[in-house]
Amino acid sequence: MGTTLGGGPICNVGSMFTPDGKYLITAGPNAVYAHSARTSQRVAVLYENIKTFGVDSKRNNAVCIATTDGWFNLWDISAQRVTHKIDLKHPIFELVIPKNGRIAFISLVMPDRVKGKVVKVDLDTWTVTKWKHESNKRMNLLSCDASGDYLAIAARWKYGVAIVRSNEPPKDRKQLLLATNSVHKSPVMSFAMDSSGRFVAVGLEDGTIILYHNVDQMVASGNEADARKPTSLLWHSNGVTALDFSPDSVYLTSAGMEGVLVMWDLETLKPMFVPRLGGEIMNISHNPMDPSVYVVALKQNMVKVVNTASYQIQGAVCGVITPPRDTPSAEATGVCQLHPQTGWVAFTGDNGIMQFYDVVRNKHMRHLQTLPRAKMSLVEYAGDKKKRPAESRVKSMAFNSDGTVLVTVGVRPKGGVRHGLLTTLQFWDRKPGSHEPYEVNTVVEEPHRDGISCLTYSRADDLALTTSKGGDFKVWAKQTIDNVISWRCRSIGSYREESMGGAAFSGDGTVLAVACKTCITLWDPITLTRLGMLPFPAKIGGLSALPQLEFVSDTQYLVGCCPETQVLIVWDLLTMDIHWAVPLNADHLTTDAVSQKFAVVLRNPEYRNGGVIAVFSPEDSTPRGLYAQPRGAACCLRFASPGSPLFAAGQAMENGRRSSHAPLLVILASRQFTIETGTGSLQMLVEELDSPRSTLNGVPSPLELAFGPSASKGNEDEEDEQNEEVGASACNSKSYFSDIKKIPSHKVPPLGIMTSDLLDRLILKKRKRWGNDERENVADSHGQPKRLR
């Protein structure tokens, strides 16, 4: 089975320095990481289900971690183990540790999921004290002063902040409510209290910052009327996601979706800016040893160390870049590709950014800006939040056989948000010895009138192919003029002006397969001569072009799948016919050049854990391997190329056991990745898939959801009926034998299929007359028996 290597979010839970500034701590939902503050290299990792974390001022090499299942742990970075644990019995929302105190405030969720409670933990004895503060609302935002005497509590997306004294008993405890909705009708997104307890800043969704003064005096006097005279700080055009006071309470730093640090002088209330940090900011925190240095966590799964005094980036920690916002599921496979030589994975992100990531070492390697940034303010759509501005993104990419050429298809706004998208085809050359991995060679604007539906590259020649739903495809080749190499469109093809879908070159580059609306067309890529056509099963013929096609290396087989029509088809190019077809919701097709197999993701909406990965041989429809994905849905599959570091890493994981296929890289929707080595037998994998059946309260196992009930349970007939949904006949008319002359030549079924259908009809007619077999009475809406060849 697969081994989780890494990836996924690394900083969406938070990021901060240790008290001595030696380590930079970041955390995602599945792990907390310790990095060297000087080199940004990872030095330790703890895998837990992280909810939040904090640092203790008296422990420089330790991190306090709150897990989603209610545990509060102390992780020793040097020893790389958990040294103290407390079970708080309830889910944890938030954690805050005062700078000078030896305590921690933890917000809990009560069993009714509505009320909340804050408890105090003594960090010296690692026990829960008797102090608590209860509320009829969940409290998922906490802040406090340096000593821990004043505690600020709020609920995100609600209105108001409560200030309480933590050193008073419940009967005598005074509470001050700062009603933010009396100032601005916008919910709370973030807030912070300074180290002295005098100031409280509240960031709202509309971009307003409300600054409250002399909060400590108002809590002591109980005079809530003075709290209704705050100061409004206006600069942000969108929600304020992070706030942080300097240790001396001279500056307030704010951040949001604009990607800018705004530093407010609390005396003059004038802002200063640190701009262009590269994306939306999720949280910020200053270095205790140097308050001018901030750690900034970006939405793109990146952490930057910013010196606000010198306006310099001192370091960065990069995880796997987050996918472009609102990426269609049909593009998920195209936005992740394996580099043929290095084994790096090329990911795409917002604003046309590509990232090259080493999955073996779990390390970011390079960034490539493919398209001009088109970051726009969201103010235009304040009244229409569902229709957000379009952003530049890479739609698909392809490498040549040695990775020296990269081809990308990008889209970006054309003349404004409401004026559609402009498609750009770019050819890149590898740039050795440079920080930039590739440099652009040729740019083609709007290569097709209706955009690009597929991009593929020949393994044998320097030929690229693009298809379009507008009804044409283009072959691109290199040209040399005055010793300058560039790319041009060498030939254009079409078939009855039908929309084009997926395409693929054969391994030797002699055959080009292009999916049309009614069939698969085969072409000579050099002369663009049509070599033949492959039929579709009757159920999907004429509905849509298959979006995914692949040749199985060193065989005569072509594989295609379509999630929309839920069919997986294998064609035999020797017989020019369908070899086999099964009704499966298959997606993300990839082929293995080593074992002559292919893999797909089988989806079922009833299976909540993301689906099953199936490995097939083109010889028959029996799966050679099944892999469940309990961590989430897979969005991309890639077999490792022989000789690449990823291939070597997969072989090392096999420990000498025989593998049925090359190492299979599985990239999940969360951009975590695993490697399936194929060393387990099919029977073992089937047992593992069926094992959770008793815990799913009657929900079928992934194997049954993908392929129907197993034959061992006496359900062979039901399996046959499921397979009969996709027929190999090209006609549905009851009298199609008499109307065979009206059928287009490329749709005429082979003689073997017609003979088989005719025999089935005769047998069915006779059995209906005799009434000896009720099962054969089952027919489709046209009176034909449900039969799959």
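Biologist: Is strand E7 mostly covered or mostly open, and how many of its residues are buried?

Modeller: This is a predicted model. Buried means under 20% relative accessible area. By that cut-off, six of the six residues in strand E7 (62–67) are buried, and the strand is mostly covered.

Biologist: Which residues lie on each side of E7?

Modeller: Ala 62, Cys 64 and Ala 66 sit on one side. Val 63, Ile 65 and Thr 67 sit on the other. Both faces are covered.

Biologist: How do I read the pairing of E7 with strand E8 and strand E6?

Modeller: Strands of a sheet pair through backbone hydrogen bonds, either parallel or antiparallel. E6 (50–54) pairs with E7 in the antiparallel sense, over four bridges. E7 and E8 (71–76) are also antiparallel, with five bridges. Follow Cys 64: Gly 54 stands opposite Cys 64, and in E8 the bridge partner of Cys 64 is Leu 74.

Biologist: Which residues have the most contacts inside the largest nonpolar core?

Modeller: They are Phe 347, Ile 613, Leu 637, Leu 665 and Ile 667, in a core of 31 residues. Another core, of 19 residues, lies apart from it and includes Tyr 150 and Leu 204.

Key
Residues are numbered from 1 along each chain as its sequence is written. This is a predicted model: local features need pLDDT of at least 70, side-chain atom pairs count only at pLDDT 80 or more; totals for chains, interfaces and linings use all residues. Side-chain values use heavy atoms; hydrogens and water are left out. A nonpolar core is a set of buried Ala, Val, Leu, Ile, Met, Phe, Trp, Tyr and Cys residues joined through side-chain atoms within 4.5 Å. Buried means under 20% relative accessible area, exposed over 50%, partly exposed in between (1.4 Å probe, protein chains only). Helices (H or I, at least four residues) and strands (E, at least two) are DSSP runs, numbered from the N terminus. Two strands pair if DSSP finds at least two bridges between them.
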